[in-house]
Amino acid sequence: MEDKQLDAEQSLRIIEKMIADSRNKFYNNGFAFIFWGFLVILSFLVVYLLSQWGYNDAAQWVWPVMTVFGVIITFAYYRVFSACKDKRKGTTSDVNNGRIWLGFLFSIIVLIYLCIYLQINPGSFIWCLMGFGMFACGAIYRYKPIYLGAIVFWIGAVISVRLQTNGAVVITGVLTMLLGYIVPGVLLWLKVKKESNV
């Protein structure tokens, strides 16, 4: 009888732990998608305006500065966020997701170098890699809006190859980031918030 009671207590503890884990299922709470989405949209607009006003030399520095700023803020956010979660380390899924996006960052750096060397615009290639990153992230978290974000980036990559004017490039870039990154990010943010209140 006493053994059965111990088993019941252990079972209760296991169930409580599973509920707590499900509340904090995603270390990835959508912040990076939302933050980078708005940061890239802002960068598109700043580059476009600087180019229109004749400040082409200044415009070429927007993307490198934005990238360094974005990496620093993202890293700092997740360090603080994980510290606020009782020093909780990310789950295996979170670690794998982080590695994918770190690989993405290194791939982008190499890609940009190759495109500069070959004198090719890297935009379409970046969108294609973004689609891969989103697809892999969607597979890790099994969350359909992230998969849809991947499809948006792949469509954006195909469309952007055909664009000739700066205005069309900016509009496509803004729409791609909005639909491919910000919308899935907001949906993920709301999902995490809802699950943490269960």
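Colleague: Does Thr67 count as buried, partly exposed or exposed, and at what relative accessibility?

Modeller: Buried means under 20% relative accessible area, exposed over 50%, and partly exposed in between, with a 1.4 Å probe and protein chains only. At 30% relative accessibility, Thr67 counts as partly exposed. Please note that this is a predicted model, in which local features need pLDDT of at least 70 and side-chain atom pairs count only at pLDDT 80 or more, while totals for chains, interfaces and linings use all residues. Residues are numbered from 1 along each chain as its sequence is written, and side-chain values use heavy atoms, with hydrogens and water left out.

Colleague: Where is Thr67 placed, and which residues is Thr67 in contact with, leaving aside its neighbours within four places in sequence?

Modeller: Thr67 belongs to helix 4 (residues 62-84); helices are DSSP runs of H or I with at least four residues, numbered from the N terminus. Contact means heavy atoms within 4.5 Å. With neighbours within four places in sequence set aside, Thr67 is in contact with Trp36 and Leu105. The C-alpha atoms of Thr67 and Val40 are separated by 8.9 Å, although these residues are 27 residues apart along the chain.

Colleague: How is the packing of two helices described?

Modeller: One gives the angle between their axes and the distance between the axes. Axes are lines fitted to C-alpha atoms, for helices over the stretch in contact, and angles run from 0 to 180 degrees between N-to-C directions. Helix 6 (residues 123-141) and helix 7 (residues 144-161) have axes that come within 7 Å and cross at roughly 170°. Helix 6 is therefore roughly antiparallel to helix 7, a term for angles over 145 degrees. Among the residues making the contact are Trp127 and Phe135 of helix 6, and Phe153 and Trp154 of helix 7.

Colleague: At what angle do helix 7 and helix 8 pack?

Modeller: The angle is about 175°, with the axes 9 Å apart, so helix 7 is roughly antiparallel to helix 8. The residues that meet include Gly156 and Ile159 in helix 7, and Thr172 and Thr176 in helix 8.

Colleague: Are Thr172 and Thr176 buried or exposed?

Modeller: Thr172 is buried, with a relative accessible area of 14%, and Thr176 is buried at 4%. Not counting residues up to four places away in sequence, Thr172 touches Gly156, Ile159 and Leu163.

Colleague: Which residues make the nonpolar surface patch?

Modeller: Patches are made of residues with over 30% relative accessible area and no salt bridge; like charges are joined within 9 Å, and nonpolar side chains (Val, Leu, Ile, Met, Phe, Trp, Tyr) within 5 Å. A salt bridge is a side-chain nitrogen of Lys or Arg within 4 Å of a carboxyl oxygen of Asp or Glu. Here, Ile171, Leu175, Leu178, Leu179, Val183, Val186, Leu187, Trp189 and Leu190 make a patch of about 750 Å². Of these, Val183 lies in helix 8 (residues 166-196) and is partly exposed at 37% relative accessibility.

Key. Areas by Shrake-Rupley, 256 points an atom, 1.4 Å probe, with all protein chains shown as cover. Helix = DSSP H or I, 4+ residues; strand = E, 2+ residues; numbered from the N terminus. Parallel < 35°, antiparallel > 145°, perpendicular 65-115°, else oblique.
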